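Try each task before reading its solution.

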Amino acid sequence: MNPDMQDWNSGLIILIGISILLLVALIFSLKHQRKLHNQLDDSEVRFQALIESAHDAIIVTDIDGAVVQWNRGAERLFGYTKSTMIGTPIFTVVPKQIQPSYKQAITEFLKLEDSSNFDRMIETLGLTNKGREFPIEVSIGTWTIREGRFISFILRDITDRKLEEAQLKDLIYLDDLTGLPNRRMFTNRLHSLLARSEKRNTSFALLYLDLDNFKQVNDQHGHLVGDELLIQLSTRIYKKLGLYDTLARTGGDEFLFLLADKDEQETKQFVEWLSSSFETPFEVEGKHFTITCSIGISMYPKDGIDADRLLRNADTALYQVKAKDKNGYRFYSRVN
């Protein structure tokens with residue numbers, strides 16, 4: 001074999017070898033890509049399964065608020081099917097009156113330099129496909145991938161929690177018999193009224209009312225009758241109160257009033273009506289009861305500019321009425 005032919009054969013062998021190596025590399029690359037693609041497919045399946053199996057509602061939108069993911073939890077919560085909501089603005093499930101603030105909150109959230117690792121929890125209202133509003137807790141997050149930036153919403157119905165909170169608040173602030181404010185709430189409102197009256201330079205009255213000989217009703221007719229009598233009495237008086245007034249039950253037969261924006265003359269007119277309202281008998285279990293009351297009064301700011309002094313002076317005025325004839329009222333005075 002001549003040298004030229006030998007060189008040509010050697011070059012051909014090298015070319016074939018390189019081609020085989022490239023082919024092997026190509027096959028390996030294709031297998032690797034197919035494996036990677038399968039792994040991505042598996043991850044997508046697991047991701048979708050995780051979202052669909054979640055009890056909470058999970059919604060994903062683009063940065064314009066169009067829904068791109070809507071799980072079964074969202075279907076249960078709002079009543080809309082996935083096919084209905086894909087591509088629909090998320091504000092479909094937000095009451096109209098809070099949509100502007102909701103949009104503003106999301107806009108501000110997206111302005112954060114790095115919100116990809118930041119979750120924001122808010123309490124707001126949701127709207128079902130039947131038009132029912134209900135309280136929800138929302139966790140908002142964002143992330144950015146090759147396809148763009150997305151917003152995730154994890155939502156939970158907190159109706160039961162809100163009811164429990166309201167019931168607990170009632171236990172803390174309301175009298176369990178009459179439903180009126182108790183002393184705790186009365187004290188809070190007294191401090192609020194003090195601040196309001198100081199700012200507006202207005203006066204108000206604090207009344208301390210005690211029923212006369214109420215113990216005899218309980219002793220002779222039982223506590224159930226006495227309780228019903230207190231409920232009827234509270235209802236009768238409450239209807240006469242103004243928007244900023246307060247009636248509280250602070251003891252067995254003791255009540256406290258706040259009469260906002262009243263001077264002495266206006267307070268006197270109310271107290272005279274209050275006393276006369278007791279002249280109409282109360283009917284409990286077919287029996288009629290006529291009771292009387294004693295009332296002590298202190299005026300802000302004349303009789304005190306703080307809660308303790310106003311309460312103490314109203315109590316002093318009440319004691320003076322009870323020590324004399326009962327069934328009457330008295331404004332606080334330093335002179336007996």
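This is a predicted model: local features need pLDDT of at least 70, side-chain atom pairs count only at pLDDT 80 or more; totals for chains, interfaces and linings use all residues.

**Exercise 1. Find the strand order of the open sheet of 5 strands, and say which strands stand at its edges.**

Solution. Start with the order, which is β7-β8-β6-β11-β12, with mixed pairing. Next, look at the two ends: β7 (246–249) and β12 (328–331) each have a single partner strand, so one side of each lacks a neighbour in the sheet. From one strand to the next, the twist averages 15°. Now zoom in on β7, which pairs with β8 (residues 254–259) in the antiparallel sense over 4 bridges. Within this pairing, T246 has L258 of β8 as its bridge partner.

**Exercise 2. Decide whether strand β1 is largely enclosed or open, and identify the strands joined to β1 by bridges.**

Solution. Count the buried residues, using under 20% relative accessible area as the cut-off. In β1 (residues 57–62), 5 of the 6 residues are buried, so the strand is largely enclosed by the rest of the structure. Then follow the bridges. β1 runs antiparallel to β5 (residues 148–157), with 6 bridges between them; D62 has F150 as its bridge partner there. β1 also runs antiparallel to β2 (residues 67–70), joined by 3 bridges, and T61 stands opposite V67. In the hairpin of β1 and β2, 4 residues lie between the strands, and G65 takes a positive phi near 95°.

**Exercise 3. Work out which parts of the chain are tied together by the salt bridge of R156 and D56, then examine the pairs K322 with D212 and K215 with D219.**

Solution. The whole structure has 11 salt bridges. For R156 and D56, the closest N and O atoms are 2.7 Å apart. R156 sits in β5 and D56 in the loop between α1 and β1, so their pair ties together parts 100 residues apart in sequence. R156 is partly exposed at 43% relative accessibility, while D56 is buried at 18%.

K322 and D212 meet at 3.2 Å, N to O. K322 belongs to helix α10 and D212 to the loop between β6 and α7, 110 residues apart. K322 is partly exposed at 24%; D212 is buried at 5%.

K215 and D219 have their closest N and O atoms 2.8 Å apart. Both are in helix α7, and being 4 residues apart, they are separated by about one helical turn. K215 is exposed at 59%, and D219 is exposed at 53%.

Technical notes: Residues are numbered from 1 along each chain as its sequence is written. Side-chain values use heavy atoms; hydrogens and water are left out. Two strands pair if DSSP finds at least two bridges between them. Axes are lines fitted to C-alpha atoms, for helices over the stretch in contact, and angles run from 0 to 180 degrees between N-to-C directions. Buried means under 20% relative accessible area, exposed over 50%, partly exposed in between (1.4 Å probe, protein chains only). A salt bridge is a side-chain nitrogen of Lys or Arg within 4 Å of a carboxyl oxygen of Asp or Glu.
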